[in-house]
Amino acid sequence: MSVFPKIFLRPEVENYLKEGFMNKEVVSALGKQEAERKFEALLNHLSHPPLFTTVRVNTHLASVQHVKSLLLDELQKQFNGLSVPILQHPDLQDVLLIPVIGPRKSIKKQQCEAIVGAQCGQAVLRGAHVYVPGIVSASKFMKAGDIISVYSDIKGKCKKGAKEFDGTKIFLGNGISNLSRKEIFNGLPELKGIGITMTEPVYLSPSFDNVLPHYLFLQNLPSALVAHVLNPQPGEKILDLCAAPGGKATHIAALMHDQGDVIALDKIFNKVEKLKQNALFLGLNSIRAFCFDGTKAVKLDMIEDTEGAPPFLPESFDRILLDAPCSGMGQRPNMACTWTLKEVTSYQPLQRKLFTVAVQLLKPGGVLVYSTCTITLAENEEQVAWALTTFPCLQLQSQEPHIGGEGMMGTGLSCEQLKQLQRFDPSAVPLQETDIDSLREARTEDMMLLANKDCIGFFIAKFVKCKST
């Protein structure tokens, strides 16, 4: 049940995606009408938030049951005594799921309005409050303490500081302004705190701003699955080739009981610093993070000693995660993507460069996991087909746990190979409406089935290296 319009895309981008999702193999298997229906359903799902908020427990510092108990207390406070269940995932024991309540259609819109940027709006739909930098415009009479309606400027057309906006805007709910309009737009750059406390969001999700920061990591369900598929073992040497902000690297270290060597690379300095901060917060000492370009991570000069820092000698890692830079077209909620077709299709060459480096750095018998948070065929199944042709030393492996769907047809991969992949397609289940009454009546097994399907768009492939390159 759709409450927002489908994701806004440039026509050439929508056509490009449609060609992929309605390729000859898919249309032959499903029929043209069903293939088109699934594609339109996907575009609708992308503009809505997933049905569950997912958090990963830092099992290095605390048990799942202890953290679950602390989180229940926190939710009671946030939701004013409303009883919302917390579910432990049966296949991912360190993952907790909280149902999202909504969409709530009876919220009364206020005369006083604030417009926020699209990125801020997406965060609000996932449970965040509105921070001052995200506020683009506010009614001229807005004062601190006012109850105001918050809207998202999904196409980025509202001018900063405007007193009214008549463009395309999506209602996100009501909140209480912590500052007046004058205070928000007085030009002081140091204003960074919460500008609007959301009290009646259209989708009710918990806020995790500074909530149990040593014990919890906010992470989408497929992202929390990746490290389990990699299956790192204590004492191994692991490489996370594109690691920031560190969700998967810290997960790898926790699964290894902080015993071994987790090398985390990213080429953006601020992101690496954030990664180090996350590792420190979570009490993990086995992670070594470096600001380094992953495409240059293979050491060509065998003589020079870098003392454990990049670049690295070939075949020096037991397992490698390549959570590749991608078009991010699977992220939810995303009401508008203004990217050009050139931008959307620009990632495949970079992904292949990084993949080539990963194969070179992997030991014979080692495991390589490739993942993206996008839905395009070119960045997912097409890359698998290319890898298997380009690197005869690689074999595709089945994955455990396997909670996603199989890969998409259209790149020449066999049925058996498609079953070894995990593609998370949000349109696999209809859009749902969740309220407290439906939660009381729902069976845990049914909720888990929904959680596994109604999440972000994501892709995972697992390879093993059979011999030296």
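Which residue in β4 stands opposite Leu 87? The residue is Leu 97, and the points below place that pair within its sheet and then move on to the other parts of the chain.

1. Basis of the note. This is a predicted model, in which local features need pLDDT of at least 70 and side-chain atom pairs count only at pLDDT 80 or more, whereas totals for chains, interfaces and linings use all residues. Residues are numbered from 1 along each chain as its sequence is written, and side-chain values use heavy atoms, with hydrogens and water left out.

2. Domains. The domain assignment, whose bounds come from an automatic or database source, divides the protein into domain 1 (57–99), domain 2 (113–201) and domain 3 (218–465). The centres of domain 2 and domain 3, taken over C-alpha atoms, are separated by 34 Å. Five residues from domain 2 and seven residues from domain 3 take part in the contact, where contact means heavy atoms within 4.5 Å.

3. The four-stranded sheet. Helices (H or I, at least four residues) and strands (E, at least two) are DSSP runs numbered from the N terminus, and two strands are said to pair if DSSP finds at least two bridges between them. On that basis four strands form an open sheet with antiparallel pairing, in the order β3-β4-β2-β11. Its edge strands are β3 (87–88) and β11 (216–218), each of which pairs on one side only.

4. The six-stranded sheet. A further open sheet has six strands in the order β6-β10-β9-β8-β5-β7, with mixed pairing. Because β6 (130–131) and β7 (135–138) stand at the edges with a single partner strand each, one side of each is left without a neighbour in the sheet. Strand β5 (residues 113–117) runs antiparallel to β7 and is joined to it by three bridges, with Ile 135 in β7 as the bridge partner of Val 116.

5. Pairing around β12 and β13. Strand β12 (residues 237–240) pairs with strand β13 (residues 261–266) in the parallel sense over four bridges, and Lys 237 has Asp 261 in β13 as its bridge partner. Together β12, α8 and β13 make a right-handed β-α-β unit; right-handed here means that, with the strands pointing away from the viewer, the path from the first strand over the helix to the second runs clockwise. β12 is also joined to β15 by three bridges, the two running parallel, and Leu 239 stands opposite Ile 320 in β15.

6. From β15 to β20. β15 pairs in the parallel sense with β17 over six bridges, and the bridge partner of Leu 322 in β17 is Tyr 370. The pairing of β17 with strand β20 (residues 458–465) is antiparallel, over six bridges, and here Thr 372 is partnered by Phe 459 in β20. Buried means under 20% relative accessible area, exposed over 50%, and partly exposed in between (1.4 Å probe, protein chains only). Strand β17 (residues 362–372) is largely enclosed by the rest of the structure, because eight of its eleven residues are buried.

7. Helix α7. Ten of the ten residues of helix α7 (residues 221–230) are buried, so this helix is largely enclosed by the rest of the structure. The residue that follows α7 is Asn 231, whose phi is positive, near 55°.

8. The unreviewed UniProt entry lists residues for "binding site", among them Gly 247 and Asp 293; UniProt positions are given in the numbering used here, feature names are shortened, and annotations may be inferred rather than shown by experiment. Gly 247 is found in helix α8 (residues 247–255) and counts as buried, at 7% relative accessibility. Not counting residues up to four places away in sequence, Gly 247 touches Arg 56, Phe 217 and Gln 219. Asp 293, by contrast, is placed in the loop between β14 (287–291) and β15 (317–323) and is partly exposed, with a relative accessible area of 23%. The side chain of Asp 293 makes a polar contact with the side chain of Thr 295 (2.8 Å); such a contact is a pair of N or O atoms within 3.5 Å, where within protein one must be able to donate a hydrogen and the other to accept it, and residues adjacent in sequence count only if both atoms are side-chain atoms.

9. Cys 373 is buried, with a relative accessible area of 18%. Leaving aside its neighbours within four places in sequence, Cys 373 is in contact with residues including Cys 326, Met 329, Gln 331, Ile 456 and Phe 458.
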